[in-house]
Amino acid sequence: MIAVEELRKAFRVTTRRTGGFSAIRALLPGATSYVEAVRNVSFTINGGEMVAVLGPNGAGKSTTIKMLTGILVPDAGTATILGLVPWQSRRAVAKRIGVVFGQRTQLWWDLPLSDSLDLVRHMYGVPTQRFAENLATCRELLELDPFLDRPVRQLSLGQRMRGDLAAALIHDPEILFLDEPTIGLDLVVKARIRDALRHLNETRGVTVLLTTHDLADVARLCQRVLLIDHGRVVHDGGLEALRTRFGSGCTLVVDLADPSTPGQAPSAKGDETDQRNDGPMVVPGAIEIRAEGNRHWLAFDRREVSASDLIAAVASRYPLSDLTLEEPDIETVIASLYASRTE
Amino acid sequence: MTPSSVFLPALYVRLAVARVRGQMRYRVGFLLMILGVFVANAFEFVALLVLFGQVKVLGGWSAHEVALLWGMSQMSFAIAEAFGRGFEGLAPQVRSGEFDQVLVRPLPVFFQVFASAFEAHRIGRFLQGATAVWYARSDPASIPWQASHWTTLIFAVTTGAVIFFATFVLGGAWALRVVDGQELMNTFTYGGTTLASYPLELFSDPIRRAATWILPLAFVNYFPALALLGRVGPPGMLPFGLTPIILAMSAPVVAMTYLGVAVVVWDRSVMRYQGTGT
């Protein structure tokens, strides 16, 4: 359905001249450099899959989508969508895919939503009967009725996004490309859009490729995640696998039975403010990252020390009253991945 | 299922009607817009008349003759603006990324940009141009205004509209290549109408040549007006020593050639855009 092989795209960037006469010198050719937006992206998506493309801003997600939808021509590599090369058969591919850019609208600002959908219908040459059926589906699925006759300029962001999604569905696309379809939306609208996408996927077998920064989108919709960073696919698999692979850092939270830390003089009357005078707990393979009263947080890497070994080590050194193991949530994993790239 | 094919002229009409209907939702605003365009251009016309209060002739042209020239260029420009606004307003769309939307639809890019705007309120400028021509007609010393003259006028205005339209297309192509190039392009479009509003005798030789051979403004109204008024034109200034009538008759060929060049440049610019993403 979608096959991408070693796709590459670099943009030429002209550095703006500054200083005296910059306005005039801006007309002259400046120093140009190349920014590699997509370095080497390969993947295959089968019909009926729902795949999320994750990655920090500037990782190359949007550029990849633009090449797959025929907007941009890559520098190297190949891609086929439904057996066609999108930048060579742009119009043929466009007939069979639906594209929504969350940050922009394809609707007519001054016209009621229903008129916009009707115009889209004529642009794709959708037969009357088919249009009526699809419109009915969209009205139900996306709850368009309350604002169907309102000019697009008066719609809220959530309403507009539902309208845009409807406009992308009028011509029965086999594949949906959604670039941040839930950006800036409230939870109710997000849920509505996710339900609609899942319904389309289940009943019509629509293949969905979406980029997002909202991991709830991924968790509710996509069995598969493509993590793109620095223009490369760094992970291709399930969301859980992503955690196992990149989220090896865990935290052991222990409550000590005795407020004083061994090796240190017990603090006077256990006064809370004196607790910070106590030194940190010392356990091989872990670092204390936080302490509050009797409670201590110990960070460790699962690849270096197993949780059971660590617990045994702690228990042999300190009197314990309670302990819990905290796994990183996927947001933390992704956030730390994103943070690490900014050096 | 395969969608049935799309008939582009019908789709254009549908999109244009939708656009005007959208504007008509604010009926008063729409009428004010027409009035605004009319009045803004009326000032320019009045300025012209004030000028002729001081001088009897300008480069050998009387007030009525210059009014004809001015009216013709205004009418042509109004038509071009009404139909070519999609190309003219492209720069912000390229900058915001809205232009990408055009590339994911199963229609020719040129058609979509052409059909993306139809500005009915440009009729304000057209009416102002028509007023100037009506004023020119009141001069008993000039043209007898028989049917053939009217035909020539209509033909010339249409040809002029094609030339201005092609200039807008070139402007759109420019916007695809240079994001911040709008100002420079305005020099050619709006600057072009101003130039075409006055007899070319007033300008220096390089400007006259540029207005004939590079941006064929002289074919918009100058040569046709010379032919209409039965003037011979300044000696040695017309290309190849051709008569104004022959030049006026060749204007449609020049206009279509110019439009053809503009479309080729446009197509190449779209390809370049897809290659670079600007």
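Biologist: Which pattern does chain B follow when read along the sequence?

Modeller: Helices (H or I, at least four residues) and strands (E, at least two) are DSSP runs, numbered from the N terminus. Along its sequence, chain B reads α-α-β-β-α-α-α-α-α-α-α-α-α-α, that is, 12 helices and 2 strands. This is a predicted model, in which local features need pLDDT of at least 70 and side-chain atom pairs count only at pLDDT 80 or more, while totals for chains, interfaces and linings use all residues. Residues are numbered from 1 along each chain as its sequence is written, and chains are lettered from A and ligands numbered from 1 in the order in which they are written.

Biologist: What radius of gyration would a compact globule of 278 residues have, and what does chain B have?

Modeller: The radius is taken over C-alpha atoms, and the globule rule is 2.2 Å times the number of residues to the power 0.38. The rule gives a value near 19 Å, and chain B agrees with 20 Å. Its C-alpha atoms fill a box of roughly 65 × 45 × 35 Å along the principal axes.

Biologist: Is helix α11 of chain B enclosed or open?

Modeller: A residue is buried if 20 or more other C-beta atoms lie within 10 Å of its own, exposed if 12 or fewer, and partly exposed in between, with C-beta atoms placed from the backbone. In helix α11 (residues 222–229) of chain B, 7 of the 8 residues are buried, so the helix is largely enclosed by the rest of the structure. Among them are B:Tyr222, B:Phe223 and B:Pro224. The buried residues of α11(B) pack against α3, α8, α9 and α12 of chain B, where contact means C-beta atoms, placed from the backbone, within 7 Å. Just after α11(B), B:Gly230 takes a positive phi of about 70°.

Biologist: In what order do the 4 strands of the open sheet in chain A lie?

Modeller: Strands of a sheet pair through backbone hydrogen bonds, either parallel or antiparallel. Two strands pair here if DSSP finds at least two bridges between them. The order in chain A is β11-β12-β10-β13, with antiparallel pairing. At the edges, β11 (286–292) and β13 (320–326) of chain A each pair on one side only.

Biologist: How many bridges join β10 to β12 in chain A?

Modeller: There are 7 bridges between β10 (residues 249–256) and β12 (residues 295–301) of chain A, and A:Leu252 stands opposite A:Leu298 in β12(A).

Technical notes:
Two residues are in contact if their C-beta atoms, placed from the backbone, lie within 7 Å.
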